[in-house]
Amino acid sequence: MFNYLDSAEKVSRLLLRHDYLADRKLAMTVFLAAKMNKPLLVEGPAGVGKTYLARALAGALKAVLVRLQCYPGLDESKALYEWNYQKQLLCLQTAREGRSWAEAQKNIYTEEFLLARPVLKAFMSPEPVVLLIDELDKSDEELESFLLEALSEFQISIPELGTVKSRNVPLVIITSNNSRDFSDALKRRCLHLHIPFPGREREEAIIRMHLRGISPVLSGQVAEFLDRVRKMALRKLPGISETIDWARSILALNASELDRETVQCTINALLKYEEDVSALESRIEELIPDIDAYSNRAAKREALPGEEDALARFDF
Ligand SMILES: Nc1ncnc2c1ncn2[C@@H]1O[C@H](COP(=O)(O)OP(=O)(O)O)[C@@H](O)[C@H]1O
Ligand SMILES: [Mg+2]
């Protein structure tokens, strides 16, 4: 389906145009998943860009994004398909009397009475599709077996109707925050990708990509601060989404550099537990990077890195 994805570098380039900074490992795994028609199982802590990867891929591939958000109790009828019972009932009531049971049944188990849920919707789409199965670890294990059948053959068998084959093989992204493990069978079907927290340089590039107006001094300090914070033993380490929110709130205060007061006013955008806020406040001086290191560096890297520059700096 996505034949024009002919290299990992192409994946990186397309993602970059949709504001996603990929490294070589990520781009290579996405490339292989697309090439081999295998679902991609993306794991990693919250806020490192798992869901956003699927969004950016859909944009980059000009594909429709179909999303299945998982939760406890999610079953086949909400994930794959279900029959529209009300419509079937209405149809039977309005049908002329005297029809045989077999005749009536033939009419109500047709595509017209089928409610396509995300997986079936993705299979039936005439457009190319990126199917995002988000936070699969939140759902129950039974759902995995339904998905397995669908994702290994890219088809769904509906007892009353027959087998529905996918019109185009979608690019499937399954995400997990590792709250539980998956079956070996599911893991075997998928290519696996772990996204860790970004390093300082990558995070700074991501901050500047999302907040174009931020100064190199502030983006450098924020990225370094995060690097130090993630080495602490906190209850919940901040992800990239929190970093961006935090940088945004610092900008909202018109602050041009990090200092104790700015950090104290905005820290709730970064940390979500009071115990973490206290732990950070007790070490605030050593966490704030020295401004001098950044003022020197800023002059040299005033401009946002262009596409070639970014690809060169991040492995390509
Ligand atoms: N590699 C990246 N390039 C650009 N932005 C990123 C990247 N990774 C994460 N982000 C930013 O971080 C935010 C949070 O990512 P998200 O996909 O919601 O995390 P997750 O699904 O892993 O919890 C995204 O909305 C995006 O703004
Ligand atoms: Mg997510």
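How many helices and strands are there in the protein? The protein has 17 helices and nine strands, where helices (H or I, at least four residues) and strands (E, at least two) are DSSP runs numbered from the N terminus. This is a predicted model, in which local features need pLDDT of at least 70 and side-chain atom pairs count only at pLDDT 80 or more, while totals for chains, interfaces and linings use all residues. Residues are numbered from 1 along each chain as its sequence is written, and chains are lettered from A and ligands numbered from 1 in the order in which they are written.

**Overall form and domains**

Along the principal axes, the C-alpha atoms fill a box of roughly 90 × 45 × 35 Å. Of the 316 residues, 31% count as buried, that is, with 20 or more other C-beta atoms within 10 Å of their own; 12 or fewer make a residue exposed, and values in between partly exposed, with C-beta atoms placed from the backbone. The domain assignment, which is automatic or from a database, gives the two domains below.

| Domain | Residues |
|---|---|
| Domain 1 | 8-80 + 117-194 |
| Domain 2 | 200-313 |

The centres of the two domains, taken over C-alpha atoms, are separated by 31 Å. Their contact takes 10 residues from domain 1 and 14 residues from domain 2; two residues are in contact if their C-beta atoms, placed from the backbone, lie within 7 Å.

**The ligand shell**

Both domain 1 and domain 2 give residues to the shell around ligand 1, so ligand 1 lies between them. Of the 18 residues in this shell, G49, K50, T51, Y52 and S241 come nearest; a residue is near a molecule if its C-beta atom, placed from the backbone, lies within 6 Å of it. Two or more shell residues come from each of α3 (50-60), α10 (200-210) and α12 (240-252). By class, the shell holds nine nonpolar, seven polar and two charged residues. Here Ala, Val, Leu, Ile, Met, Phe, Trp, Tyr, Cys and Pro count as nonpolar, Asp, Glu, Lys and Arg as charged, and the others, Gly among them, as polar.

**A helix pair and one residue**

Helix α1 (residues 8-17) packs against α3 at an angle of about 100°, and their axes are 8 Å apart. The contact is made by L14, L15 and R17 of α1 together with A56, L57 and A60 of α3.

S295 belongs to helix α16 (residues 291-300). S295 counts as partly exposed because it has 13 C-beta neighbours inside 10 Å.

Note on methods. Axes fitted to C-alpha atoms, helices over the stretch in contact; angles between N-to-C directions.
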